[in-house]
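Please read this briefing alongside the structure shown below.

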Amino acid sequence: MPKKDGQSNTSTNNEKKSPSLGKALPPRNFRFSSGDLFLIIGIVLFCSFLIGGIFIYGNVQEKRTPYVRILSDGQVLLYSPLKEFQNETEYSIETDHGKVVVLISSERAVIVSSDCPDQICVKQGELTHVGQGAVCLPNKVVVEIVPGPGSDEEQEIDGVAR
Amino acid sequence: MRRSWTAYEVTKLSVLLALALMLSILEAWLVPKGILPLPGLKLGLANIALLIALYSVGKKEALLLSLLRSLVVLLLGGNFVGFVFSVLGGIFAVCTMIFLSGREKISIYGVSIGGAASHSIGQILAAVMLSRTLYVMMYLPYLILLSCLAGAMIAFLTIPVVKALDHIGTKMIQ
C-alpha cells in the first residue's frame, strides 16, 4: 500500500509499486533525495555560467559606441549611433497589432507608449547602456542599444587622422 | 502496441484537463499581471494537473494533456503568440519530466523542478523565435532560477493528491 511511506530512503519494491492497471508509472519517490540535489546544483551552475557569460559579453560590448536599433517583426527600422540624436526625436511604429512610440535622445532611448496589454516594454524604462533593450512581444517590436560596428579607439584614430 | 484507454483513465484525464484550465484561471486571478519581477514568470499552478497526470495516468497522457491544455486555452480566446509559448514550453517541460520521472534517484521534487526549468527554456526559445532577437536570452538564467522555486512548491502541493489517487486506485482494483 503506497499510502504511508517508509522512514528510510531505501524503499522496498512494495512501496514503489504504483496502482495502475498493469502500466508502468513513475516510482513513488516523494522524499527530497540526493538526485534532486545534484539536479538543482547542475541547474544553478548552468545559470551562473550563463549569467557570467552575459556579464562578460556585456563588459566587452560596453567599450563600443552605442547604437540604437529598432526592429519590427525582425526587420531593422532604425540603426544609428545614439550620439546623432542631439535633438529629441520621436518615432512611432505602426504594427499589425497597434502603435509603439519610441523617444530617442543622445543619451537614451525609451518606449513612451505602446498598444499592448501588459506594458512590459514601457516599464523597461530608459535604455542608456549597450546591451539594454525593451521588447514588446505583442507588437513584435524590439528597441535595443547595441554596440556599433567599430570601437571607440578606432574612431579616435579616425579623429586624429582628420 | 497501444493499449486502449480504460474509462477510468479517460475520465481522470478529462478531469485533470478541467483542473488545469481552472488552475490557469485561478492563477491569473490570484497573481495580477506585472506583480512578479520578470515578464513571463508564472507560478505554473496548472503544472499540478500535469504532474498528477504523469504520476497517476501515464507518460503519453501527460504530454497529451499539455497539448490539449494549450489548444483549449487558444480556443477559449487566447492569442496565437500565447499558444506558441505555451506549446513549446509545455513540450519541453513534459519531455524533461518524463525523462526524470523514470529515474529511481530523483523524487517528484526533481521532476517538477526539471520540468519548470525546461519550461522556461522552451518559453525563451519561443520568445527568441517570435522577436527574432537574442536579447531575450538575458532573462533566461534568472527565469530558470526563479522557476525552480515555483517547481519545488508545485511538487509539494502535488504529493498529497497523488497519494490520495494511489489509495483510490488500489481500492478500485481490489
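Which residues of α2(B) are buried? They are Asn47(B), Ile48(B), Ala49(B), Leu50(B), Leu51(B), Ile52(B), Ala53(B), Leu54(B), Tyr55(B) and Ser56(B), where buried means that 20 or more other C-beta atoms lie within 10 Å of a residue's own, exposed means 12 or fewer, and partly exposed is in between, with C-beta atoms placed from the backbone. This is a predicted model, in which local features need pLDDT of at least 70 and side-chain atom pairs count only at pLDDT 80 or more, while totals for chains, interfaces and linings use all residues. Residues are numbered from 1 along each chain as its sequence is written, and chains are lettered from A and ligands numbered from 1 in the order in which they are written.

**Chain B as a whole**
- Chain B has 6 helices and 0 strands, these being DSSP runs (H or I of at least four residues for helices, E of at least two for strands) numbered from the N terminus.
- Of the 174 residues in chain B, 45% are buried.

**Helix α2 and Lys163(B)**
- Because 10 of the 10 residues of α2(B) are buried, this helix is largely enclosed by the rest of the structure.
- Lys163(B), which is placed in helix α6 of chain B, counts as partly exposed, with 18 C-beta neighbours inside 10 Å.
- Although Lys163(B) and Ile52(B) are 111 residues apart in sequence, their C-alpha atoms are 9.9 Å apart in space.

**Packing of α3 and α4**
- Helix α3 (residues 59-75) of chain B packs with α4(B) at an angle of about 170°, their axes being 9 Å apart; axes are lines fitted to C-alpha atoms, for helices over the stretch in contact, and angles run from 0 to 180 degrees between N-to-C directions.
- That makes α3(B) roughly antiparallel to α4(B), a term for angles over 145 degrees, whereas those under 35 count as roughly parallel, 65 to 115 as roughly perpendicular and the rest as oblique.

**The contact with chain A**
- The contact takes 42 residues from chain B and 36 residues from chain A, two residues being in contact if their C-beta atoms, placed from the backbone, lie within 7 Å.
- On the side of chain B that touches chain A, α2 (47-56), α4 (80-101), α5 (108-131) and α6 (140-173) each supply at least two residues, and α6(B) gives the most, with 12 residues.
- By class, that side of chain B has 21 nonpolar, 14 polar and 7 charged residues, where Ala, Val, Leu, Ile, Met, Phe, Trp, Tyr, Cys and Pro count as nonpolar, Asp, Glu, Lys and Arg as charged, and the others, Gly among them, as polar.
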